[in-house]
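Here is a friendly walk through one protein model and its ligand. Please keep the structure open while you read.

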Amino acid sequence: MRIVLVGPPGAGKGTQAALLAENLGIPHISTGDLFRANISQGTALGLEAQRYMREGNLVPDEITVGMAADRMAHADAADGFLLDGFPRNIAQARALDKQLEEAELGLDAVLDLEVPEEEVVRRIAGRRMCSSDTSHIYHVEYSRPKVDGICDVCGGELYQREDDSEETVRKRLEVYHQETEPIIDYYRDQNLVVTISALGAVPEITRRALDALRGGT
Ligand code: AP5
Ligand code: ZN
(Lines give C-alpha, C1' and ligand atoms only; values in the text may rest on other atoms or scores of the structure.)
(Ligands and ions follow the chains in the order given, each with its own letter.)
Protein backbone atom coordinates (compact mmCIF):
# COMPACT_ATOMS: atom_id res chain seq x y z
CA MET A 1 0.00 0.00 0.00
CA ARG A 2 1.04 3.58 -0.58
CA ILE A 3 -0.21 5.73 2.27
CA VAL A 4 0.18 9.36 3.34
CA LEU A 5 -0.26 10.08 7.05
CA VAL A 6 -1.45 13.57 7.92
CA GLY A 7 -2.31 15.29 11.20
CA PRO A 8 -1.19 18.17 13.41
CA PRO A 9 2.17 18.16 15.21
CA GLY A 10 1.93 15.77 18.16
CA ALA A 11 -1.08 13.88 16.77
CA GLY A 12 0.86 10.63 17.08
CA LYS A 13 1.96 10.25 13.45
CA GLY A 14 5.43 8.96 14.31
CA THR A 15 4.06 6.61 16.99
CA GLN A 16 1.41 5.16 14.67
CA ALA A 17 3.59 5.17 11.55
CA ALA A 18 6.14 2.83 13.15
CA LEU A 19 3.37 0.38 14.15
CA LEU A 20 1.42 0.61 10.90
CA ALA A 21 4.51 0.25 8.71
CA GLU A 22 5.51 -2.87 10.61
CA ASN A 23 2.02 -4.29 10.43
CA LEU A 24 1.66 -3.59 6.71
CA GLY A 25 5.25 -4.57 5.84
CA ILE A 26 6.06 -1.24 4.19
CA PRO A 27 8.82 1.32 4.88
CA HIS A 28 8.11 4.29 7.14
CA ILE A 29 9.43 7.46 5.52
CA SER A 30 9.44 10.54 7.75
CA THR A 31 10.83 13.79 6.40
CA GLY A 32 11.13 15.10 9.98
CA ASP A 33 13.29 12.08 10.92
CA LEU A 34 15.37 12.49 7.74
CA PHE A 35 16.03 16.13 8.62
CA ARG A 36 16.90 15.24 12.24
CA ALA A 37 19.31 12.53 11.03
CA ASN A 38 20.99 15.11 8.78
CA ILE A 39 21.20 17.57 11.68
CA SER A 40 22.84 15.03 13.99
CA GLN A 41 25.31 14.08 11.24
CA GLY A 42 26.08 17.76 10.67
CA THR A 43 25.42 17.65 6.89
CA ALA A 44 24.92 20.83 4.84
CA LEU A 45 21.28 19.85 4.30
CA GLY A 46 20.85 19.38 8.06
CA LEU A 47 22.37 22.78 8.86
CA GLU A 48 20.07 24.46 6.34
CA ALA A 49 16.96 22.59 7.56
CA GLN A 50 17.71 23.36 11.21
CA ARG A 51 17.34 27.11 10.60
CA TYR A 52 13.69 26.59 9.65
CA MET A 53 12.82 23.76 12.03
CA ARG A 54 13.90 25.57 15.18
CA GLU A 55 11.51 28.42 14.29
CA GLY A 56 8.64 26.00 13.57
CA ASN A 57 8.60 26.89 9.87
CA LEU A 58 8.55 24.51 6.92
CA VAL A 59 11.87 23.71 5.28
CA PRO A 60 11.73 25.10 1.69
CA ASP A 61 10.24 22.79 -0.95
CA GLU A 62 13.44 22.82 -3.07
CA ILE A 63 15.20 20.97 -0.26
CA THR A 64 12.34 18.80 0.97
CA VAL A 65 10.93 17.48 -2.32
CA GLY A 66 14.31 16.26 -3.59
CA MET A 67 15.15 14.60 -0.28
CA ALA A 68 11.78 12.82 -0.11
CA ALA A 69 12.02 11.71 -3.77
CA ASP A 70 15.52 10.27 -3.19
CA ARG A 71 14.34 8.36 -0.15
CA MET A 72 11.31 6.98 -2.01
CA ALA A 73 13.39 5.93 -5.00
CA HIS A 74 15.65 4.10 -2.59
CA ALA A 75 12.64 2.26 -1.07
CA ASP A 76 11.11 1.40 -4.48
CA ALA A 77 7.68 3.06 -4.42
CA ALA A 78 6.13 0.11 -6.24
CA ASP A 79 6.47 -1.99 -3.08
CA GLY A 80 4.58 0.56 -1.01
CA PHE A 81 5.41 3.17 1.63
CA LEU A 82 3.99 5.10 4.54
CA LEU A 83 4.79 8.79 4.27
CA ASP A 84 4.85 10.69 7.59
CA GLY A 85 5.14 14.47 7.45
CA PHE A 86 5.27 14.65 3.66
CA PRO A 87 3.61 16.18 1.70
CA ARG A 88 3.02 19.18 3.91
CA ASN A 89 1.66 21.76 1.47
CA ILE A 90 -0.09 21.79 -1.92
CA ALA A 91 3.15 22.23 -3.91
CA GLN A 92 4.63 19.12 -2.25
CA ALA A 93 1.41 17.16 -2.87
CA ARG A 94 1.57 18.08 -6.57
CA ALA A 95 5.26 17.10 -6.73
CA LEU A 96 4.44 13.72 -5.18
CA ASP A 97 1.56 13.15 -7.62
CA LYS A 98 3.89 13.93 -10.51
CA GLN A 99 6.57 11.58 -9.24
CA LEU A 100 4.05 8.76 -8.78
CA GLU A 101 2.42 9.39 -12.16
CA GLU A 102 5.80 9.10 -13.87
CA ALA A 103 6.20 5.70 -12.24
CA GLU A 104 2.57 4.84 -13.21
CA LEU A 105 1.65 4.50 -9.55
CA GLY A 106 -0.93 6.14 -7.29
CA LEU A 107 -1.72 6.56 -3.61
CA ASP A 108 -4.09 4.13 -1.89
CA ALA A 109 -5.11 6.32 1.03
CA VAL A 110 -4.45 9.48 3.01
CA LEU A 111 -4.93 8.71 6.69
CA ASP A 112 -5.94 11.83 8.60
CA LEU A 113 -5.41 11.73 12.39
CA GLU A 114 -7.81 13.99 14.25
CA VAL A 115 -6.85 15.26 17.72
CA PRO A 116 -8.09 18.33 19.64
CA GLU A 117 -5.55 21.13 20.03
CA GLU A 118 -5.32 20.92 23.88
CA GLU A 119 -4.36 17.26 23.62
CA VAL A 120 -1.73 17.98 20.96
CA VAL A 121 -0.10 20.55 23.24
CA ARG A 122 -0.09 18.06 26.17
CA ARG A 123 1.43 15.35 23.99
CA ILE A 124 4.21 17.56 22.66
CA ALA A 125 5.06 19.13 26.03
CA GLY A 126 5.71 15.67 27.52
CA ARG A 127 7.33 13.98 24.54
CA ARG A 128 10.79 12.41 24.90
CA MET A 129 12.66 10.94 21.93
CA CYS A 130 15.29 8.20 21.87
CA SER A 131 18.64 9.48 20.64
CA SER A 132 19.45 6.13 18.95
CA ASP A 133 16.20 5.27 17.16
CA THR A 134 13.54 7.76 16.04
CA SER A 135 10.78 5.15 16.25
CA HIS A 136 11.22 4.87 20.04
CA ILE A 137 8.96 7.66 21.29
CA TYR A 138 8.00 8.27 24.93
CA HIS A 139 5.86 10.61 26.98
CA VAL A 140 6.50 11.63 30.59
CA GLU A 141 2.89 10.76 31.55
CA TYR A 142 1.33 8.65 28.80
CA SER A 143 4.19 6.39 27.82
CA ARG A 144 6.87 6.44 30.50
CA PRO A 145 10.14 4.59 30.18
CA LYS A 146 10.92 2.11 32.96
CA VAL A 147 14.01 4.11 33.92
CA ASP A 148 13.78 7.91 33.66
CA GLY A 149 15.67 9.27 30.66
CA ILE A 150 16.58 5.85 29.19
CA CYS A 151 14.96 4.04 26.25
CA ASP A 152 13.37 0.69 27.26
CA VAL A 153 14.10 -0.86 23.88
CA CYS A 154 17.72 0.04 23.17
CA GLY A 155 19.08 1.85 26.24
CA GLY A 156 19.51 5.08 24.25
CA GLU A 157 19.37 8.40 26.06
CA LEU A 158 16.03 10.23 25.87
CA TYR A 159 15.92 13.91 24.94
CA GLN A 160 13.41 16.67 24.30
CA ARG A 161 13.22 17.99 20.74
CA GLU A 162 14.50 21.52 20.20
CA ASP A 163 11.25 22.48 18.40
CA ASP A 164 9.01 21.22 21.23
CA SER A 165 9.11 24.47 23.23
CA GLU A 166 5.69 26.03 23.82
CA GLU A 167 6.38 29.00 21.56
CA THR A 168 7.60 26.87 18.64
CA VAL A 169 4.70 24.45 19.02
CA ARG A 170 2.28 27.36 18.66
CA LYS A 171 4.04 28.36 15.45
CA ARG A 172 4.01 24.77 14.14
CA LEU A 173 0.26 24.54 14.75
CA GLU A 174 -0.29 27.82 12.88
CA VAL A 175 1.79 26.53 9.96
CA TYR A 176 -0.18 23.27 10.03
CA HIS A 177 -3.52 25.09 9.72
CA GLN A 178 -2.30 27.44 6.99
CA GLU A 179 -0.14 25.21 4.84
CA THR A 180 -0.85 21.56 5.58
CA GLU A 181 -4.60 21.37 6.22
CA PRO A 182 -5.40 22.42 2.62
CA ILE A 183 -3.85 19.15 1.37
CA ILE A 184 -6.71 17.27 3.06
CA ASP A 185 -9.18 18.93 0.66
CA TYR A 186 -6.75 18.37 -2.22
CA TYR A 187 -6.80 14.63 -1.49
CA ARG A 188 -10.52 14.63 -0.67
CA ASP A 189 -11.08 15.65 -4.31
CA GLN A 190 -9.20 12.46 -5.24
CA ASN A 191 -11.40 10.46 -2.86
CA LEU A 192 -8.41 9.28 -0.84
CA VAL A 193 -9.02 10.68 2.65
CA VAL A 194 -9.82 8.41 5.59
CA THR A 195 -10.25 10.33 8.87
CA ILE A 196 -9.99 8.66 12.27
CA SER A 197 -9.93 9.96 15.81
CA ALA A 198 -6.42 9.66 17.28
CA LEU A 199 -7.69 9.88 20.87
CA GLY A 200 -7.38 6.79 23.02
CA ALA A 201 -4.75 4.15 23.70
CA VAL A 202 -1.99 3.69 21.12
CA PRO A 203 -2.89 0.05 20.14
CA GLU A 204 -6.55 0.99 19.86
CA ILE A 205 -5.70 3.75 17.38
CA THR A 206 -3.52 1.36 15.35
CA ARG A 207 -6.48 -1.04 15.14
CA ARG A 208 -8.80 1.80 14.16
CA ALA A 209 -6.35 2.90 11.45
CA LEU A 210 -5.95 -0.61 10.02
CA ASP A 211 -9.75 -1.10 9.94
CA ALA A 212 -10.21 2.26 8.23
CA LEU A 213 -7.49 1.53 5.66
CA ARG A 214 -8.98 -1.86 4.83
CA GLY A 215 -12.54 -0.58 4.64
CA GLY A 216 -11.95 2.91 3.36
CA THR A 217 -10.03 2.33 0.15
P1 AP5 B 1 7.96 16.41 12.04
O2 AP5 B 1 9.06 15.66 12.66
O3 AP5 B 1 7.20 15.81 10.91
O4 AP5 B 1 7.00 16.87 13.21
P5 AP5 B 1 5.43 17.13 13.30
O6 AP5 B 1 4.61 16.91 12.09
O7 AP5 B 1 5.33 18.45 13.93
O8 AP5 B 1 4.94 15.97 14.15
P9 AP5 B 1 5.56 15.50 15.45
O10 AP5 B 1 6.77 14.65 15.20
O11 AP5 B 1 5.72 16.67 16.40
O12 AP5 B 1 4.40 14.64 16.09
P13 AP5 B 1 3.79 13.25 15.72
O14 AP5 B 1 2.44 13.46 15.12
O15 AP5 B 1 4.76 12.39 14.98
O16 AP5 B 1 3.56 12.69 17.20
P17 AP5 B 1 4.35 11.56 18.05
O18 AP5 B 1 4.03 10.20 17.53
O19 AP5 B 1 5.77 11.94 18.25
O20 AP5 B 1 8.49 17.82 11.52
C21 AP5 B 1 9.34 18.63 12.28
C22 AP5 B 1 9.79 19.82 11.46
O23 AP5 B 1 10.55 19.35 10.32
C24 AP5 B 1 8.70 20.70 10.85
O25 AP5 B 1 8.24 21.68 11.76
C26 AP5 B 1 9.41 21.30 9.63
O27 AP5 B 1 10.26 22.34 10.03
C28 AP5 B 1 10.29 20.14 9.16
N29 AP5 B 1 9.63 19.32 8.14
C30 AP5 B 1 9.31 17.98 8.26
N31 AP5 B 1 8.71 17.56 7.13
C32 AP5 B 1 8.64 18.64 6.30
C33 AP5 B 1 8.12 18.83 4.99
N34 AP5 B 1 7.49 17.84 4.32
N35 AP5 B 1 8.22 20.06 4.44
C36 AP5 B 1 8.84 21.07 5.09
N37 AP5 B 1 9.33 20.96 6.33
C38 AP5 B 1 9.25 19.76 6.94
O39 AP5 B 1 3.56 11.71 19.44
C40 AP5 B 1 3.66 12.90 20.21
C41 AP5 B 1 3.67 12.53 21.72
O42 AP5 B 1 2.40 11.98 22.08
C43 AP5 B 1 4.71 11.46 22.11
O44 AP5 B 1 5.25 11.78 23.36
C45 AP5 B 1 3.91 10.15 22.19
O46 AP5 B 1 4.46 9.25 23.13
C47 AP5 B 1 2.56 10.67 22.63
N48 AP5 B 1 1.44 9.88 22.10
C49 AP5 B 1 1.32 9.34 20.85
N50 AP5 B 1 0.14 8.69 20.72
C51 AP5 B 1 -0.50 8.84 21.92
C52 AP5 B 1 -1.77 8.41 22.42
N53 AP5 B 1 -2.61 7.71 21.67
N54 AP5 B 1 -2.10 8.76 23.68
C55 AP5 B 1 -1.26 9.49 24.45
N56 AP5 B 1 -0.04 9.92 24.05
C57 AP5 B 1 0.33 9.59 22.80
ZN1 ZN C 1 15.67 3.49 21.69
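## Around the ligand and into the core

Arg-127 counts as buried because 21 C-beta neighbours lie inside 10 Å; a residue is called buried if 20 or more other C-beta atoms lie within 10 Å of its own, exposed if 12 or fewer, and partly exposed in between, with C-beta atoms placed from the backbone. This is a predicted model, in which local features need pLDDT of at least 70 and side-chain atom pairs count only at pLDDT 80 or more, while totals for chains, interfaces and linings use all residues. Residues are numbered from 1 along each chain as its sequence is written, and chains are lettered from A and ligands numbered from 1 in the order in which they are written.

Arg-127 sits in strand β5 (residues 127-130); helices (H or I, at least four residues) and strands (E, at least two) are DSSP runs, numbered from the N terminus. Leaving out residues up to four places away in sequence, Arg-127 touches Ile-137, His-139, Arg-161 and Asp-164, where contact means C-beta atoms, placed from the backbone, within 7 Å.

Which residues come nearest to ligand 1? Of the 36 residues around the ligand, they are Pro-9, Gly-14, Gly-32, Gly-85 and Arg-127; a residue is near if its C-beta atom, placed from the backbone, lies within 6 Å of the molecule. The elements that give two or more residues to this shell are α1 (13-24), α2 (31-41), α3 (44-53), α6 (117-125), β6 (137-139) and α9 (202-215). By class, the shell has 14 nonpolar, 16 polar and 6 charged residues. Here Ala, Val, Leu, Ile, Met, Phe, Trp, Tyr, Cys and Pro count as nonpolar, Asp, Glu, Lys and Arg as charged, and the others, Gly among them, as polar.

An unreviewed UniProt entry gives "binding site" for a set of residues including Gly-10, Lys-13, Arg-127 and Tyr-138; such annotations may be inferred rather than shown by experiment. Gly-10 lies in the loop between β1 (2-6) and α1. Gly-10 is buried because 26 C-beta neighbours lie inside 10 Å, and, not counting residues up to four places away in sequence, Gly-10 touches Val-120, Arg-123 and Ile-124.

Now to the strands. Strands pair if DSSP finds at least two bridges between them, and these are the pairs with their bridge counts:

| Pair | Sense | Bridges | Facing residues |
|---|---|---|---|
| β1 and β4 | parallel | 4 bridges | Leu-5 and Leu-111 |
| β4 and β8 | parallel | 5 bridges | Leu-111 and Val-194 |

The order β6-β5-β7 describes an open sheet of 3 strands with antiparallel pairing. Its edge strands are β6 and β7 (158-159), each pairing on one side only. The unreviewed UniProt entry lists residues 127-163 as "domain: Adenylate kinase active site lid". That span is 0% helix and 24% strand, and its end C-alpha atoms lie 11 Å apart.

Strand β4 (residues 109-114) is mostly covered, with 5 of its 6 residues buried. In the largest nonpolar core, of 32 residues, Ile-3, Leu-5, Leu-82, Leu-83, Val-110 and Leu-111 touch the most other members. Such a core is a set of buried Ala, Val, Leu, Ile, Met, Phe, Trp, Tyr and Cys residues joined through C-beta atoms within 7 Å.

Finally, the buried residues of α2 are Thr-31, Gly-32, Leu-34, Phe-35 and Arg-36, and they pack against β2 (28-30), α3 and α4 (61-75).

Technical notes. Two residues are in contact if their C-beta atoms, placed from the backbone, lie within 7 Å.
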